[in-house]
Amino acid sequence: METTQNYQGSRLFGMIIAAVTAMSFAIATPAFSQSYPSKNETLDWTIAFGPGGGNDRMARSIIKILDKYDLYPGKISAENRKGGSGAVGWGYLYAQKGNGYGISTTSGSFVTTPLQADTPWQPEDFTPVALLATDDLVLVVNGKSKIKTIKEFIAHAKKNPTNIGGTGSVNVDFIVPTLFAEKAGFEFDYVSFNSMSEQTTALLSGALDAMVGNPGEVLGLIDSGDLRPLVFSGQLTPDALKGVPTMGDIGYDIGVSMPRGLILAPDAPKAAQDWWIATMKKVVKTPEWDEYISSNTLTPTFLYGDDFRDFLASTKNGFEVVLRKIGAI
């Protein structure tokens, strides 16, 4: 468990990034064939966070669809390369410049981590494939908590030391509760984790007062009564969270969402980019993708190629304004 209130993790980021940069010289780049993709090349799929989180669920959902419909001819090797709020995993992909067989999914940390840490890469450096969805967060407490509503939570936090957990350090999981607390008039300590499973364990054990997560990551525990949802950060509460107010409903709208997309290594061959754009247009038309969107309470949002790159640049600029305003960078 790592507290980032004072942002002392920046030194650790520096060490991680240095290691990843050094590792870049050791990563072999497969020869690229004009007939992309080659069934003889293994697709190296980087998941920049631990198992069970939103990034992991999205990556593995896409891979299952690719397998089911035989959309990718070769072997796919998916590996969780967590650490540094995504810096380790995306740093690994960054080191594969020019490789059409290195790929990764994105989340809010893909935009915010370079703002906090001195990464050698920016979101726009990677080869954009597609923005596929955006999602929002739900604030939950332990199902055994005496706090029943968001108003009770705010009142409690105004009078008592409070901590809130999230995945990653200065990312959307940090930005959402920070903006919400600023508007609602309470303070808290943000506690960052490398995976949803770790922060959920902390909340259920009583080490956390509350946490934020994507609805799809916690719906099972909400349905079982282990977690209690208090407030949703999106504009409209999804059916799965019926009865839970939005932050806007109680007068504290923050207007921040998390981009879910797909990227290739920097300078990937255009043939690879074109192939993945065409393939993802097939993936998002499958019933399995509809089920993934529905079960994870995401908002379908499609932008391909350079339009996705422009979106990333615009989102990064917007996040930077927010983070500077609240003194996080």
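**Figure 1. Helix H8 and its packing partners in the predicted model.** The buried residues of H8 pack against H2, strand S6 (138-142), helix H7 (196-205), strand S9 (210-213), strand S10 (227-232) and H10. Contact means heavy atoms within 4.5 Å. Helices (H or I, at least four residues) and strands (E, at least two) are DSSP runs, numbered from the N terminus. H8 spans residues 215-223, and its buried residues are Pro215, Gly216, Glu217, Val218, Leu219 and Ile222. Buried stands for under 20% relative accessible area, exposed for over 50%, and partly exposed for values in between (1.4 Å probe, protein chains only). Gly225 follows H8 and has a positive phi, near 90°. This is a predicted model, in which local features need pLDDT of at least 70, side-chain atom pairs count only at pLDDT 80 or more, and totals for chains, interfaces and linings use all residues. Residues are numbered from 1 along each chain as its sequence is written, and side-chain values use heavy atoms, with hydrogens and water left out.

**Figure 2. Helix H2 against helix H10.** Two packed helices are described by the angle between their axes and the distance between the axes. H2 (residues 54-68) and H10 (residues 287-295) pack at about 165°, with axes 10 Å apart. Axes are lines fitted to C-alpha atoms, for helices over the stretch in contact, and angles run from 0 to 180 degrees between N-to-C directions. H2 and H10 are therefore roughly antiparallel. Angles under 35 degrees count as roughly parallel, over 145 as roughly antiparallel, 65 to 115 as roughly perpendicular and the rest as oblique. The H2 and H10 crossing is right-handed. A crossing is right-handed if the near helix is turned clockwise from the far one by less than a right angle, and left-handed if anticlockwise. On the H2 side, the contact uses Gly54, Arg57, Met58, Ser61, Ile62, Ile65 and Lys68. They meet Glu288, Trp289 and Tyr292 of H10. By class, the H2 and H10 contact has five nonpolar, two polar and three charged residues. Ala, Val, Leu, Ile, Met, Phe, Trp, Tyr, Cys and Pro count as nonpolar, Asp, Glu, Lys and Arg as charged, and the others, Gly among them, as polar.

**Figure 3. Helix H6 across helix H11.** The axes of H6 (residues 172-184) and H11 (residues 306-325) come within 11 Å and cross at roughly 50°. H6 and H11 are therefore oblique to each other. H6 passes H11 in a left-handed crossing. Val172, Phe174, Ile175 and Leu179 of H6 make the contact with Phe319, Val322 and Leu323 of H11. By class, the contact of H6 with H11 has seven nonpolar, no polar and no charged residues.

**Figure 4. Thr112 and its contacts.** Thr112 sits in helix H4 (residues 108-116). At 0% relative accessibility, Thr112 counts as buried. Thr112 touches Val170, Asn171, Val172, Ile175 and Phe319, not counting residues up to four places away in sequence. Thr112 and Asn317 are 205 residues apart in sequence, yet 9.8 Å apart in space, C-alpha to C-alpha.

**Figure 5. The Tyr72 and Trp276 ring pair.** A search of the whole structure finds 19 aromatic pairs. In one of them, the rings of Tyr72 and Trp276 have centres 6.0 Å apart and planes at 20°, so the pair is stacked. Rings of Phe, Tyr and Trp (its six-membered ring) pair if their centres lie within 6.5 Å; planes under 30 degrees apart count as stacked, over 60 as edge-to-face and the rest as tilted. Tyr72 lies in the loop between H2 and strand S3 (76-80), and Trp276 in helix H9 (residues 270-283), so the pair ties together parts that are 204 residues apart in sequence. Tyr72 is buried at 5% relative accessible area, and Trp276 is buried at 0%. Ring pairs link Tyr36, Trp45, Tyr72, Tyr101, Trp275 and Trp276 into a cluster.

Figure 6. Most residues other than glycine have a negative phi, and most peptide bonds are trans. The peptide bond from Tyr36 to Pro37 is cis, with omega near -5°. Pro37 lies in the loop between helix H1 (10-23) and strand S2 (43-47). Asp70, in the loop between H2 and S3, has a positive phi near 50°. Asp70 counts as exposed at 66% relative accessibility. Ser85 has a positive phi near 55° and lies in the loop between S3 and helix H3 (87-94). Ser85 counts as buried at 6% relative accessibility.
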